[in-house]
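Me: Before I rely on the labels used for this model, I would like to see what stands behind each one.

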Amino acid sequence: MLDKDRINEILSEIENMKAKNAEELEVLRIKFLSKKGAITELMGEFRLVPPEMKKEMGMRLNELKTRAQDRLAELKAEICLSDEGQEELDLTRTSYPVPLGTRHPLTIVKNEIIDIFSRLGFTLADGPEVEDDWHVFSSMNFAEDHPARDMQDTFFVESHPDIILRTHTSSVQSRVMEVQQPPIRVICPGRVYRNEAISYRAHCFFHQVEGLYVDQNVSFTDLKQVLLLFAQEMFGNDTKIRLRPSYFPFTEPSAEMDISCNICGGKGCAFCKGTGWVEILGCGMVDPNVLELNGIDSSKYSGYAFGMGIERITNLKYQVKDLRMFSENDVRFLREFEAAN
Ligand code: DAH
């Protein structure tokens, strides 16, 4: 029966209605607003209202209908909001793919070098890149004013002529010997700096790995054997090595080591300038002066040392023709090493 009481009854039902999901909401819509819904039914009864009541009843009926529609819309919004909340907590959803970076080629090669020497019993040592003259030169048997200091163009710290950027990782030899007595068996990877004009074949900073072994009765044969093993692990079992006499202030005798060119297999190509050999490192027996300068008894101990450039080894392995590529952070270049990661 359409009267004020019935309208108020339905109004209070509408104000109190609740829905947890879309299905419950639909049940409510049908109950009040569908063709057979309670409000539609009341609307049907409007024609029976006496004329003097029509105006008021018409207004009340319209208000009721609008309120019902608004209330359903409110409930719908509440359900959508709580749905979104649930989405955030959906533990079954796959994660977004996270784009991965790649390891730098120099890091890949450095790690490979470390890995090979760790298997031979070498441990890691490390020293500062901003060094003093003692550790870079004097303790390594570079005499004061000796022309050998010119072999490496040095960056000096203005106002502190004694403080320099290390030009080689040989300085770490001294850092290790001053705190440790033999047996010493370390490799020291790190960055070094030289005052060179930047071009495709030279840079003002690059990377080296130094090796140092000091014990009783260490011989040149031990050095040769370790370096052969390293070369074959790094470049393949068919790799040959050859040692050419050379000069370094900190080793006596000194040598430079070539490996058979792994690009042409020793036949001769542009990379090895047709010789079939490429130089990869310097080495030698630690000069007894160096042992003494660093507090080690040279009558009791002997040692060998070697130093190699990581860029050089990387160029040989991956044929990178321009040294500058290593420090330009061009993602297209770095991505080429994804497979080696
Ligand atoms: N320090 C040398 C350089 O930077 C490389 C080197 C040569 C290191 C002979 C050594 C060595 O330990 O025995 O050119």
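Reply: The shell around the ligand draws at least two residues from each of helix 7, strand 6, strand 9 (277-286) and strand 10. Helices (H or I, at least four residues) and strands (E, at least two) are DSSP runs numbered from the N terminus. The model is predicted: local features need pLDDT of at least 70, side-chain atom pairs count only at pLDDT 80 or more, and totals for chains, interfaces and linings use all residues. Residues are numbered from 1 along each chain as its sequence is written, and side-chain values use heavy atoms, with hydrogens and water left out.

Me: Which residues are closest to the ligand, and how many surround it?

Reply: 16 residues surround the ligand, and the closest are His168, Ser170, Arg194, Gln208 and Glu210. A residue is near a molecule if one of its heavy atoms lies within 4 Å of it.

Me: Why is helix 7 called largely enclosed?

Reply: Buried means under 20% relative accessible area, exposed over 50%, and partly exposed in between (1.4 Å probe, protein chains only). In helix 7 (residues 170-177), 7 of the 8 residues are buried, so the helix is largely enclosed by the rest of the structure. Among the buried ones are Ser170, Val172 and Met177.

Me: Why is Asp238 called exposed?

Reply: Asp238 has 68% relative accessibility, so it counts as exposed. Asp238 is in the loop between helix 8 (220-235) and strand 7 (241-248).

Me: Is Asn217 buried or exposed?

Reply: Asn217 is exposed because its relative accessible area is 70%. Asn217 sits in the loop between strand 6 and helix 8. Its phi is near 60°, a positive value in a residue other than glycine.

Me: What is omega for the bond joining Glu252 and Pro253?

Reply: Omega is about -5° for this cis peptide bond between Glu252 and Pro253. Pro253 lies in strand 8 (residues 251-260).
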